[in-house]
Amino acid sequence: MLTTAGLTVAVLVLSAASAGAQSDNAQVRVTVRSEGDALAGASVTANGMTLVTDRLGVVTLVVAVGTIEGKIEVPVEVTASKDGYLPAALSLTVTTGEQRSVSLELQRLQEEVIVTAARSSTRLEDQPLRVEVIDREEIEEKAMMTPGNVAMLVSETTGLRIQTTSPSLGAANVRIQGLRGRYSQLLADGLPLYGTQGDSFSLLQVPPLDLGQVEVIKGVASALYGASALGGVINLVSRRPRETEHQLLVNTTSQTGRDIAGWYAHAPVGAWAWSLLGSYNGQTRRDLDHDGWSDLPTFNRAVIRPRVFYDNQRGSTVFATLGVITEDRAGGTQSLSVAPDGRPFPEELATRHLDGGVSGRWLLGDRVLSIRGSALQQRQERQWGETSEHGTRSVWFSEGSLQGTSGRHTWVVGAAFQQDRLVLDQLPQFDYRFSTPAVFAQDEVSFGRKWTVGLSARADVHSEYGTLATPRVSFLARPWSGWTIRVAAGTGAFAPTPFTEETEETGLSRVLPLRGVRAEHARGTSIDLTRVLGPWEVTATVFGSVVDDPLQRRIADANHVALVNVDGQTRTAGTELLVRYRAGEFNALFTHGWTRSNEIDPDDGRRRDVPLTPSHTMSFSLIWEAEGRGRLGFEAYYTGRQSLEENPYRATGSPYALIGALGERRVGPASLFINCENLLDVRQTKFDPLVLPAPRPDGRWTVDAWAPLDGRVINGGIRLFF
């Protein structure tokens, strides 16, 4: 006799394969719609198997009901879902040989958070890999604090630290969980529009006005993005136009800063929409401690970025962008001033940046084809004292991938090619052309809503460093209501170039040519535990990483340094704590981070704490926001002690606290705002001089920046909405 369990087994196959099904099978034709229109690319699940709707929003399920004579009834649970929509479900019973047509209506969910940095475009809560998202509301707040760049927006994320790499020119990069800034990959809509490794000026050249969200993956991410993402990924996602909208922001600061930014978005016309960002940012150099050296540089920057969007609502989307950045910076000794050796030491940088990118997704039956590509050319002309370096860097990138579902599996396979080229006019010994084809695969296996396992692997065949293989595994568990556990472990690789945090500041004229340099390899793991209880959300993280053969700067002689692989590991471990409270118009956030990172000193071979890595950081912020009326905010930040390198004034940086406040008032189409940063006026030059008595062997005249250099800053302006 046929058992009850046997009667309830449903096997789903593609409708193309159903032609060979037995006559005893039942067929269920499911049509998925939203607001009356067919919804292509929706996932339809029945009894544990999943298919994807075609261009007409249709999928055909074939239900096996057995081979015995007579009519057999089989219950079927059908669920339809798609990113950005509320899921819908229905229950039905089918009989032998029956052909049934049903439909499901999905409602668009405006507040759904979809992440793309993890390869599979799924809801944030369903990702086995932890991805932190900075949403539009927080971007709006930070756009009033620093309208010219996203550095502050990124720095206030737990585990991320903006590190100034050039005190004179104001350059900075981002360290993720204690790892050096060159290991961080900055992307724009998934494209390397700002280069292939952490650049010291990219974060300073991206206005936040047109960003929809920022996605952050902490820890080794080479399995996702190759040999430029050993430390993590920051993906800047642009806003998609929903309606015609004009914004204009004008801002000025007490430190002679000035910002004008405009964003124009045109509502979709048919399947097409577009937006345009334009921005001017500037500042006049300041010598706050009157020592003849610029504590803040002078700069003038212009940015223009148009974007075009296509979405036919049937599974085909295309995005294209073009970016132009021009900037001139100057620092070093002030006019009529000299360095301690009696000679002027100007520092100047002129940047001319052009990039373009395109990405598209097309539905092929129940598969999704994605193609991305970008090109970047950046010309920089630098001067340090009497030394000049002019160079051009070019990056070409292309990638194709195929995504699909099969039962419990959501998989992605693909291939990529990237070329990174540097040409230096005065120092051709550092020229390079790296070509890197790659293949990658990812599989997320879901065991119901409570358990998901993600497996990913990538192999990059680097023209200089050979094959770099980087597997990764991640695990998501939701064992009880309100609890989420994520565990991740993986490996990473980094393809070294002559650019490090130190050479970004000093140039390459005093660096010996690279000889016998090897790729860097890393292993990392993290455990995240999240508890949501009403308005409270608490997330605790433990992480650790090991970098083998790290590339470091070693003193070669009194006037030269060398970049070498150190025989020893860089070991990093730490914890993060985030406590968030949301209640109506109030939002409070407390964070704490503890990081311990040590490495081998390349000059004496002894193990030391990694310089400029604070052991403890804390933050507290409170924001009150009334929709359509305005907001008030308060922030406090604490930075603990940190080891310093080659600083004759101190070996350890002093702890310090920063306090800030923000106020905004909406008046019709205008928003008036004022923001106060560093109210306690903490400034590094109040502790010790910035300028060294004599230059370092690599030519640097300043100590590293371990505290703010600008002191108290008050800014205010107006934001107009048309």
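How many bridges pair strand 25 (residues 367-384) with strand 26 (residues 387-406), and in which sense do the two strands run? The pairing is antiparallel and spans 18 bridges. The model is predicted: local features need pLDDT of at least 70, side-chain atom pairs count only at pLDDT 80 or more, and totals for chains, interfaces and linings use all residues. Residues are numbered from 1 along each chain as its sequence is written, and side-chain values use heavy atoms, with hydrogens and water left out.

Some terms first. Helices (H or I, at least four residues) and strands (E, at least two) are DSSP runs, numbered from the N terminus. Two strands pair if DSSP finds at least two bridges between them. Strands of a sheet pair through backbone hydrogen bonds, either parallel or antiparallel.

Back to strand 25 and strand 26. Leu-369 has Leu-402, in strand 26, as its bridge partner. The two strands form a hairpin with two residues between them. There, Gly-385 takes a positive phi near 60 degrees. Strand 26 also pairs with strand 27 (residues 409-424). That pairing is antiparallel too, with 16 bridges. Thr-392 stands opposite Val-423 in strand 27. Strand 26 and strand 27 again make a hairpin with two residues between them. In this turn, Gly-407 has a positive phi of about 65 degrees.

Ser-398 belongs to strand 26. Ser-398 counts as partly exposed because its relative accessible area is 33%. Contact means heavy atoms within 4.5 Å. Leaving aside neighbours within four places in sequence, Ser-398 is in contact with Arg-372, Gly-373, Ala-415, Ala-416 and Phe-417. Ser-398 and Ile-371 are 27 residues apart in sequence, yet their C-alpha atoms are 7.6 Å apart in space.

Next come the charged pairs. A salt bridge is a side-chain nitrogen of Lys or Arg within 4 Å of a carboxyl oxygen of Asp or Glu. The structure holds 53 of them. One joins the side chains of Arg-382 and Glu-504, at 3.4 Å from N to O. This pair links distant parts of the chain: Arg-382 sits in strand 25 and Glu-504 in helix 5 (residues 501-506), 122 residues apart. Arg-382 is buried, because its relative accessible area is 10%. Glu-504 is buried as well, with 8%. Another salt bridge joins Arg-458 and Asp-460, at 3.0 Å from N to O. Both of these residues are buried.

The side chains of Arg-719 and Glu-140 meet at 2.7 Å, N to O. Arg-719 lies in strand 45 (residues 713-721) and Glu-140 in helix 2, 579 residues apart. At 2% relative accessibility, Arg-719 counts as buried. Glu-140 has 16%, so Glu-140 is buried too. Helix 2 as a whole is mostly covered, with eight of its 10 residues buried. Among them are Arg-136, Ile-139, Lys-142 and Met-145.

Strand 16 and strand 18 (residues 232-238) pair in the parallel sense over five bridges. Ala-188 stands opposite Leu-236 in strand 18.

Last, the surface. Patches are made of residues with over 30% relative accessible area and no salt bridge; like charges are joined within 9 Å, nonpolar side chains (Val, Leu, Ile, Met, Phe, Trp, Tyr) within 5 Å. Accessible areas come from the Shrake-Rupley method with a 1.4 Å probe; for residues, only the protein chains shown count as cover. A nonpolar patch of about 690 Å² includes Trp-272, Trp-274, Ile-304 and Val-308. Strand 21 (272-283), strand 22 (298-311) and strand 23 (317-332) each give two or more residues to the patch. Strand 21 gives the most, with three. Val-308 is in strand 22. Val-308 is partly exposed, with a relative accessible area of 36%.

Methods: Buried means under 20% relative accessible area, exposed over 50%, partly exposed in between (1.4 Å probe, protein chains only).
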